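Me: I would like to learn how to read a fold from its elements, its sheet and its core. Can we go through one case step by step?

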Amino acid sequence: PQMVAFRKGRTVGQLVSKPLLVRSVPLAKGCFLCPSASCSLHPFLVSGRSITSCRNGLTFPVGAHVTCQSTDVIYVICCTKCNKQGVGECVRPVPWMQQYIRRISQRDNSDWQESKGDVKIVQHFFESPHTIADLSIMLVDKVPGIQGMWEAVRGPVRRRWELVWMD
């Protein structure tokens, strides 16, 4: 027996417009420069897909696709002269890192909180002869799934994620 099948033809609208559901290509994991040519972090930012610990020599892959414009990030501040590192977390890296850059370049060590590891590495720049040229920053992870949450929830989650990178 013969079987007949019909298929609805494509309309002009379907032929000339993009599909509504576009399959997104996953972004490569790593620390990348943002598209802004005037970003104040670019001179200090180290791009790459992995980071090597100065403490134990192990290399770790960057956990997400992270740029200067990412939010809820974990970062590593390095002294390239002494090979010391400090880990920290922040909502937005540009304004947060600008504070470090300004304080190091102006030699302003007033009202730092001594308890955080990232602050200790910045204090390191005041304890021995260093310049701002000895500073490097790498964004190493983006805390997943917390966008849209209240900061009261996001802060503790970021701090727990930071501890993972400290170990």
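## Reading the sheet and what packs on it

Reply: In strand 6, the bridge partner of Val-73 is Cys-90. This is a predicted model, and that pair is one place to begin. Seven bridges join strand 5 (residues 73-79) to strand 6, and the two run antiparallel.

Me: What is the bridge partner of Cys-78 in strand 6?

Reply: Cys-78 has Gln-85 as its bridge partner in strand 6. Strand 5 and strand 6 form a hairpin with four residues between them. In the turn, Asn-83 has a positive phi of about 60 degrees.

Me: Which way does strand 5 run against strand 7, and how many bridges join them?

Reply: Strands of a sheet pair through backbone hydrogen bonds, and the pairing is either parallel or antiparallel. Here strand 5 and strand 7 run antiparallel, joined by seven bridges. On strand 7, Ser-136 stands opposite Cys-78, and Leu-139 stands opposite Tyr-75.

Me: In what order do the strands of the sheet lie?

Reply: The order is 6-5-7, in an open sheet of three strands with antiparallel pairing. Strand 6 (84-90) and strand 7 (135-142) are the edge strands, each pairing on one side only. On average, neighbouring strands of this sheet are turned by 25 degrees against each other, direction ignored.

Me: Where does this sheet sit in the pattern of the whole chain?

Reply: Begin with the inventory: the chain has four helices and seven strands. Along the sequence the pattern reads α-β-β-β-β-β-β-α-α-β-α. Of the contacts in the chain with a separation of 6 or more, 62% are between residues 24 or more positions apart.

Me: Which strands does helix 2 lie across?

Reply: Helix 2 (residues 93-106) lies across strand 5, strand 6 and strand 7, and runs at about 20 degrees to strand 5. Helix 4 (residues 151-166) also packs on the sheet, touching strand 5, strand 6 and strand 7. The direction of helix 4 makes about 160 degrees with that of strand 6.

Me: How many residues of strand 7 are buried?

Reply: Seven of its eight residues are buried, so strand 7 is largely enclosed by the rest of the structure. For the chain as a whole, buried residues make up 37% of the 167 residues. The chain exposes about 10900 Å², and carbon and sulfur atoms supply 59% of that area.

Me: Which residues of the largest nonpolar core touch the most other members?

Reply: They are Ile-77, Leu-135, Ile-137 and Leu-139, in a core of 37 residues. The elements giving two or more residues to this core are strand 5, strand 6, helix 2, helix 3 (117-127), strand 7 and helix 4. Strand 5 supplies the largest share, seven residues.

Me: What is Leu-135 in contact with, leaving aside its neighbours within four places in sequence?

Reply: With those neighbours left aside, Leu-135 is in contact with Phe-44, Ile-77, Cys-78, Thr-80, Ile-101, Ile-104 and Phe-125.

Me: How many aromatic pairs are there?

Reply: There are two aromatic pairs. In one of them, Trp-96 and Tyr-100, the ring centres are 6.3 Å apart and the planes are at 80 degrees, so the pair is edge-to-face. Trp-96 and Tyr-100 are four residues apart in helix 2, so about one helical turn separates them. Together with Tyr-75 they form one aromatic cluster.

Me: Is Trp-96 buried or partly exposed, and is Tyr-100 buried or exposed?

Reply: Trp-96 is partly exposed, at a relative accessible area of 31%. Tyr-100 is buried, at 2%.

Notes: Residues are numbered from 1 along each chain as its sequence is written. This is a predicted model: local features need pLDDT of at least 70, side-chain atom pairs count only at pLDDT 80 or more; totals for chains, interfaces and linings use all residues. Side-chain values use heavy atoms; hydrogens and water are left out. Two strands pair if DSSP finds at least two bridges between them. Axes are lines fitted to C-alpha atoms, for helices over the stretch in contact, and angles run from 0 to 180 degrees between N-to-C directions. Contact means heavy atoms within 4.5 Å. Rings of Phe, Tyr and Trp (its six-membered ring) pair if their centres lie within 6.5 Å; planes under 30 degrees apart count as stacked, over 60 as edge-to-face and the rest as tilted. Buried means under 20% relative accessible area, exposed over 50%, partly exposed in between (1.4 Å probe, protein chains only). Accessible areas come from the Shrake-Rupley method with a 1.4 Å probe; for residues, only the protein chains shown count as cover. A nonpolar core is a set of buried Ala, Val, Leu, Ile, Met, Phe, Trp, Tyr and Cys residues joined through side-chain atoms within 4.5 Å.
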